[in-house]
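Below is a briefing on metal sites and a ligand site. The sequence and structure come first, then the notes.

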2 protein chains.
Amino acid sequence: DLGQQENYFGRETLDRLSAKRTDKAWLEAKQSDADTVYLIFSKLSPMVTSPQDDSTGGENKLCRFRFEAVQDLLQKPATVLVFLGVERRKKPSSSSPSQTKEGVQEPPAWFAVGTDEDAAELLKRCREKNCSFPKAPNRDLLKLSEEEAGVVAQARSVLAWHSRYSFCPTCGSSTKLEEAGHKRSCLNSACRSLQGVHNTCYPRIDPVVIMLVIHPDGNQCLLGRKKIFPAGLFSCLAGFVEPGETMEAAVRREVEEESGVKVGPVQYVSCQPWPMPSNLMIGCLAVAMSTDITVDQNEIEEARWFPRQQVIDSMFRAASPAFTVPPRQTIAHQLIRHWVGMNSNL
Amino acid sequence: DLGQQENYFGRETLDRLSAKRTDKAWLEAKQSDADTVYLIFSKLSPMVTSPQDDSTGGENKLCRFRFEAVQDLLQKPATVLVFLGVERRKKPSSSSPSQTKEGVQEPPAWFAVGTDEDAAELLKRCREKNCSFPKAPNRDLLKLSEEEAGVVAQARSVLAWHSRYSFCPTCGSSTKLEEAGHKRSCLNSACRSLQGVHNTCYPRIDPVVIMLVIHPDGNQCLLGRKKIFPAGLFSCLAGFVEPGETMEAAVRREVEEESGVKVGPVQYVSCQPWPMPSNLMIGCLAVAMSTDITVDQNEIEEARWFPRQQVIDSMFRAASPAFTVPPRQTIAHQLIRHWVGMNSNL
Ligand SMILES: Nc1ncnc2c1ncn2[C@@H]1O[C@H](COP(=O)(O)O)[C@@H](O)[C@H]1O
Ligand SMILES: Nc1ncnc2c1ncn2[C@@H]1O[C@H](COP(=O)(O)O)[C@@H](O)[C@H]1O
Ligand SMILES: [Mg+2]
Ligand SMILES: [Mg+2]
Ligand SMILES: [Mg+2]
Ligand SMILES: [Mg+2]
Ligand SMILES: [Mg+2]
Ligand SMILES: [Mg+2]
Ligand SMILES: [Zn+2]
Ligand SMILES: [Zn+2]
């Protein structure tokens, strides 16, 4: 059942301990704690170390720093520091000696450091080989382990929000960071945004519906390609949820806008945080009620019905497939795979 | 099956025709069209006419205006005009004479007008009796028909966004309205937000998870109350989805934060746009893996396990119930009702 399946970027590696965001003393102690892990981000990209030989397809690893190695960066006014959470403990074993009331060791805390210092200089801080700030997040951030991808999903989303929302949208004034990097407050004491609770002070998340539309015959699915896609790549249709709209209505509207196909029943399957910059991809299956395709030329270059067998061949069998689908780290891939496995004998 | 059930505020009364938002000629023609419907909003509240005798519990109705009645408002620089869409045609009947190629009558367009003119003066424009701009949206906007609630969901969300986001969050400059009220662009030509596509230019929607937590015994549910709730009212727990988080992870985190209860499987049920100011309420059932309750005193005053029979009595049977749940227009109510009907013989 894919409903409980885990998508890339979706792993909750850390316990966010959101109540600690307002606990200044606890945060200060954690910051200089020897166990604390810091990640360094430059232009929203995390420092990673890559396998020397990229052809092995090995994982990138996040470069982890101790307090001493970032202490100077934390002093700079342009630095953004975000408390990400603490490592989740493995299953507590009551026999473990560290579980006694006094000896309880708190698990290590993680912080993200966003800095605009020179990238080449930053890289010198790391002792690992082959370090870099990858340039293409849509490609390079898919090379992490599931655990680290989960951490980067949170960190990059929050940092992207800080970089785009450093002024108060209500009055245009500057803002200051609060709650360990999870809030921005207007510095204009007369601003409306300071009266009551307003979303202007909190990170923004954009819900997006992404859907695999199934042909009324049950044996074909609708995939489309944007002009910017690499040759041969087809994917699920997708679009931003609009104000005053349900997820299901957004699916129906976007499919009709982009392909002209009318959709009936819609079923939620699973979702995926996508930190470029901060989308929540809501994955659905949708049943088509019509089959004629008229693409929205502005957004879609081509959309087609693909027979199930052709999708299976492309994904699993063919050496040089007739078309390709996005990589396994994307919810588009997982939706297609889910459908392919639903009624056929793979 | 509640999965396809419709929640209040969720009706797609209008066809948004989003492609027309950039069609200036079409929009201009529609604005002065005799069939076009205008709604007037003051402080994010729509002008409505109420039944003379409120004790009948009758519906509020939106006051609808023609172009002539709002033409002067549209000239004012502070006015915000939003194109909402056109009325959905009833099932097209091919025999209908108006369906001939030449005689095709486009359905009426709807616009929302947000104005800061004096409210009392605005009310004089309406010929209906008992007109007002209701003061308490959480209560008063629940008195509309399903059709009108669907329109207000979109209109109020977009207007609330304009009222809070009139400055560019990236550089603090003023912005201008575009795309028929669905976009704001920075007036500073050097601003980063003008290079590429950025969410700063589009309406903000905040995804919120709202969940009914079921006791491991299957026969009790967890409800809580905030200090600000009226006496005796209990509801589902709820909370904002955070950056880099799935809906399911948000359910687990918020339930544990607010009640101390650990949650296992989570199942999406249905969602509801909630235009105060612009939330997308994502309704789930969640199965508890623990039962001890420790409430987060900052947010929750009390949380309790309620036996199914007690919930049924409160909702359907008791003249003076031991506790109350939110009204039927809320997704909280629908989630509770869904669970109550799932395994019991109502
Ligand atoms: N929150 C948002 N972030 C970025 N683009 C948006 C957003 N909301 C609406 N858009 C517009 O939606 C287009 C992409 O279309 P779609 O993803 O199909 O809805 C973008 O090019 C923008 O014009
Ligand atoms: N987008 C948002 N809009 C309003 N409040 C938010 C938002 N994101 C986080 N919050 C905070 O979340 C609190 C409500 O808690 P909860 O609804 O349980 O997540 C508010 O009082 C704010 O401090
Ligand atoms: Mg799209
Ligand atoms: Mg769209
Ligand atoms: Mg689209
Ligand atoms: Mg809450
Ligand atoms: Mg919360
Ligand atoms: Mg909460
Ligand atoms: Zn402000
Ligand atoms: Zn700007």
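Is Glu299(B) buried, partly exposed or exposed? Glu299(B) is partly exposed, at a relative accessible area of 28%; buried means under 20%, exposed over 50% and partly exposed in between, with a 1.4 Å probe and protein chains only. This is a predicted model, in which local features need pLDDT of at least 70 and side-chain atom pairs count only at pLDDT 80 or more, while totals for chains, interfaces and linings use all residues. Residues are numbered from 1 along each chain as its sequence is written, chains are lettered from A and ligands numbered from 1 in the order in which they are written, and side-chain values use heavy atoms, with hydrogens and water left out.

- Glu258(B) lies in helix H6 (residues 247-259) and Glu299(B) in the loop between strand S15 (279-288) and strand S16 (302-307) of chain B, so the pair ties together parts 41 residues apart in sequence.
- Helices (H or I, at least four residues) and strands (E, at least two) are DSSP runs, numbered from the N terminus.
- Glu258(B) also bridges to the magnesium ion (ligand 6), 3.3 Å from the magnesium ion (ligand 8).
- Glu258(B) is buried, with a relative accessible area of 1%.

**Magnesium ion (ligand 3), chain A**

- The protein donors here are Ala238(A) (O), Glu258(A) (OE) and Glu299(A) (OE), at 2.0 to 2.2 Å from the magnesium ion (ligand 3).
- Ala238(A) is in strand S13 (residues 237-240) and Glu258(A) in helix H6 (residues 247-259) of chain A, so this pair joins parts 20 residues apart in sequence.
- Ala238(A) is partly exposed at 21% relative accessible area, whereas Glu258(A) is buried at 1%.
- The magnesium ion (ligand 3) lies 5.7 Å from the magnesium ion (ligand 4).

**Ligand 1**

- Residues from chains A and B surround ligand 1, so the site is shared between chains.
- Among the residues around ligand 1 are Arg204(A), Asp206(A), Glu258(A), Asn199(B) and Tyr202(B), where a residue counts if one of its heavy atoms lies within 4 Å.
- S13(A) gives the most to this shell, with 3 residues.
- An oxygen atom of ligand 1 is 2.7 Å from a side-chain N or O atom of Glu258(A), and a nitrogen atom of ligand 1 is 3.2 Å from one of Asp206(A).

Key
Donors = N, O, S within 2.8 Å, 3.2 Å for Na, K, Ca; no water. Polar contact = N/O pair within 3.5 Å; in protein donor to acceptor, adjacent residues only side chain to side chain.
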